[in-house]
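Please examine the assembly shown below, with attention to its metal site and to the contact between its chains.

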Number of protein chains: 2
Amino acid sequence: MTGREPEASERRSTRQRTAITAVMTEVVDFRSARQIHAVLRERGHEIGLATVYRNLHDMEQRGEVDVLRAGGGDTAVYRRCERHEHHHHLVCRRCGRAVEVEGPVIESWAARVARDEGFSEVTHAMELFGTCGACTRAERGRPRP
Amino acid sequence: MTGREPEASERRSTRQRTAITAVMTEVVDFRSARQIHAVLRERGHEIGLATVYRNLHDMEQRGEVDVLRAGGGDTAVYRRCERHEHHHHLVCRRCGRAVEVEGPVIESWAARVARDEGFSEVTHAMELFGTCGACTRAERGRPRP
DNA sequence: GTATACATGATAATGAGTATCGACATCGCA
DNA sequence: TGCGATGTCGATACTCATTATCATGTATAC
Ligand SMILES: [Zn+2]
Ligand SMILES: [Zn+2]
Ligand SMILES: [Zn+2]
Ligand SMILES: [Zn+2]
């Protein structure tokens with residue numbers, strides 16, 4: 001959002017943190033804390049769920065992962081993003097595939113609207129949801145749920 | 001979003017529904033289900049919390065109220081909006097005051113991005129958060145000329 | 001008025017996320 | 001290498017919003 005973090009203090013390197021980072025590096029779609037926890041277990045890492053939450057929250061703070069809280073459910077989903085600058089996402093509500101999108105138009109529009117209404121320190125949250133090409137094709141010829 | 005609801009079936013008119021609708025008509029800011037429930041109690045209406053949730057969810061479905069799920073907490077907040085057409089909100093994160101805003105630019109941008117990425121049936125969620133004029137002034141401790 | 005499908009509400013259940021706190025691991029330093 | 005201060009972990013209890021249950025109440029059609 002507002003990329004001016006005060007260079008968060010260093011963290012100790014632990015077996016758990018390393019494993020979580022590794023998973024986040026490989027997984028490409030947004031995943032919930034519990035899903036990530038499950039992947040870790042499958043790989044033989046016996047890591048507590050609380051630790052997963054702690055680390056994800058931590059990685060979020062320092063901008064290492066993006067978090068999505070909208071999108072229907074109440075569950076937050078995380079993913080490591082290519083661009084660390086402010087950006088938005090276009091997420092397939094079917095398979096979870098996510099594309100990072102930039103929206104200069106959004107930024108300036110938000111700023112202008114805010115100014116016009118007399119608001120200051122304006123931030124915005126926005127995500128796009130849709131059905132990706134692959135899923136659209138897969139859907140064809142099949143009855144709707 | 002996607003204004004093609006199949007004309008939701010009629011609902012029975014009950015004392016509870018009437019009371020909830022009345023409250024939603026008067027309250028101007030976004031309020032949580034519990035807050036609305038509290039207001040109902042204050043007014044002498046002994047209505048179950050579950051019923052409040054049910055009705056709000058219902059009113060949301062038929063577009064009678066808008067719901068905000070982003071904005072920090074995990075609690076959903078509701079409010080009856082002037083315009084029933086698709087729109088967004090600029091919410092004061094200090095006092096909760098909300099302004100309805102329209103964003104034709106956003107709509108076209110979203111559509112274009114979606115097409116470019118091969119996505120279909122795209123919707124979007126977006127809200128603006130800031131500090132309203134009144135709160136900004138109060139923060140400074142002195143009003144602005 | 002009667003029947004019946006729908007609405008309500010007290011309460012239990014669910015489920016995400018957080019707080020606790022004793023045990024454990026890391027890292028700077030001797 | 002050994003030590004200790006301090007950061008981190010993890011089992012589990014907890015909070016709290018929202019949902020499911022299901023017996024009871026009631027709006028509506030006939
Ligand atoms: Zn991203
Ligand atoms: Zn897809
Ligand atoms: Zn304000
Ligand atoms: Zn829009």
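This report treats a zinc site and then an interface, both in a predicted model.

**The zinc site**

In chain B, the zinc ion (ligand 3) is held by the SG atoms of Cys92(B), Cys95(B), Cys132(B) and Cys135(B), at 2.2 to 2.4 Å. Along the chain, these donors follow the spacing C-x2-C-x36-C-x2-C. Cys92(B) belongs to strand 4 (residues 88-92) of chain B and Cys135(B) to helix 5 (residues 133-140) of chain B, so this pair ties together parts that are 43 residues apart in sequence. Both Cys92(B) and Cys135(B) are buried.

Why is the arrangement of the donor atoms around the zinc ion (ligand 3) called tetrahedral? The 4 donor atoms subtend angles of 103 to 117 degrees, and the criterion for four donors is that all angles lie between 85 and 135 degrees.

**The interface of chain B and chain A**

The size of an interface is often given as the accessible area lost when the parts come together.

| Item | Value |
|---|---|
| Residues of chain B in contact with chain A | 35 residues |
| Residues of chain A in contact with chain B | 36 residues |
| Area buried between chain B and chain A | about 2900 Å² |
| Share of that area on carbon and sulfur atoms | 64% |
| Salt bridges across the interface | 0 salt bridges |
| Polar contacts, both residues at pLDDT 80 or more | 14 residue pairs |

On the side of chain B that touches chain A, at least two residues each come from strand 4, strand 5 (98-101), helix 4 (104-116), strand 6 (120-131) and helix 5 of chain B. Strand 6 of chain B gives the most to this side, with 12 residues.

Note on methods
Residues numbered from 1 in each chain as written. Chains lettered and ligands numbered in written order. Predicted model: local features only at pLDDT ≥ 70, side-chain atom pairs only at ≥ 80, totals over all residues. Heavy atoms only, no water. Donors = N, O, S within 2.8 Å, 3.2 Å for Na, K, Ca; no water. Tetrahedral: all angles 85-135°; square planar, octahedral: opposite > 155°, others 65-115°. Helix = DSSP H or I, 4+ residues; strand = E, 2+ residues; numbered from the N terminus. Buried < 20%, exposed > 50% of the residue type's maximum accessible area, 1.4 Å probe, protein only. Contact = heavy atoms within 4.5 Å. Buried area = accessible area lost by both parts, 1.4 Å probe. Salt bridge = Lys/Arg side-chain N within 4 Å of Asp/Glu carboxyl O. Polar contact = N/O pair within 3.5 Å; in protein donor to acceptor, adjacent residues only side chain to side chain.
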